Amino acid sequence: MNTAWPLTIYYDASCPLCAREMHALAAHDANARLRLVDCSPPSFADAECAAAGIGREALMQAIHARDGEGRWHRGIAVFELAYRGAGIEGIAALWAHPWLRPIWERAYPWVALHRMGLSRLGFSRPFGWLVAMLARRAQRRARACRDGRCE
């Protein structure tokens with residue numbers, strides 16, 4: 001999936017699972033491709049969202065993003081783009097895989113609906129750790145390639 005950077009991601013920062021994943025991606029975004037916007041405050045208002053007819057309720061039901069050319073993305077497409085933007089191509093490829101994508105598309109609404117419960121069960125800690133570990137690994141590989149030591 002091609003996109004124009006930066007990718008502005010509208011996410012629920014009040015959700016520990018969402019916040020850990022997005023903050024881990026942003027922390028490893030070496031090329032400043034990702035911009036995070038917390039849409040969780042009840043008073044949230046955004047001119048770009050309003051112009052597109054996307055209200056806070058829709059943003060809280062599913063993750064949304066707007067790319068550098070003003071195109072909107074929702075759900076699994078956002079995760080694919082976010083991981084690609086952070087340079088974690090292996091995970092981006094898993095989100096985009098033609099056999100797996102239908103599974104992700106069916107599972108995501110359930111995860112989004114139950115994200116707070118999943119966070120209370122502790123899913124945010126290992127998930128955040130996994131994202132951070134994969135991001136560090138991707139950065140090491142990118143550095144090695146820049147230094148002429150690609151595998």
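## Thr-8 and its partners

In strand β3 (residues 64–66), Thr-8 has Arg-66 as its bridge partner. Over in strand β2 (residues 34–38), Thr-8 stands opposite Arg-35. Strands here are DSSP runs of E with at least two residues, helices are runs of H or I with at least four, and both are numbered from the N terminus. This is a predicted model, where local features need pLDDT of at least 70 and side-chain atom pairs count only at pLDDT 80 or more, while totals for chains, interfaces and linings use all residues. Residues are numbered from 1 along each chain as its sequence is written, and side-chain values use heavy atoms, with hydrogens and water left out.

## Strand β1

Strand β1 (residues 7–11) is mostly covered, with 5 of its 5 residues buried (under 20% relative accessible area, with a 1.4 Å probe and protein chains only). Leu-7, Ile-9 and Tyr-11 point one way, and Thr-8 and Tyr-10 point the other.

β1 pairs with β2 in the parallel sense over 5 bridges, and with β3 in the antiparallel sense over 3 bridges; pairing takes at least two DSSP bridges between two strands.

## His-64 in β3

His-64 sits in β3 and, at 6% relative accessibility, counts as buried. A polar atom of the His-64 side chain lies 2.7 Å from the backbone oxygen of Ala-62. Leaving aside neighbours within four places in sequence, His-64 is in contact (heavy atoms within 4.5 Å) with residues including Thr-8, Ile-9, Tyr-10 and Trp-72.

Terms used
Buried < 20%, exposed > 50% of the residue type's maximum accessible area, 1.4 Å probe, protein only. Polar contact = N/O pair within 3.5 Å; in protein donor to acceptor, adjacent residues only side chain to side chain.
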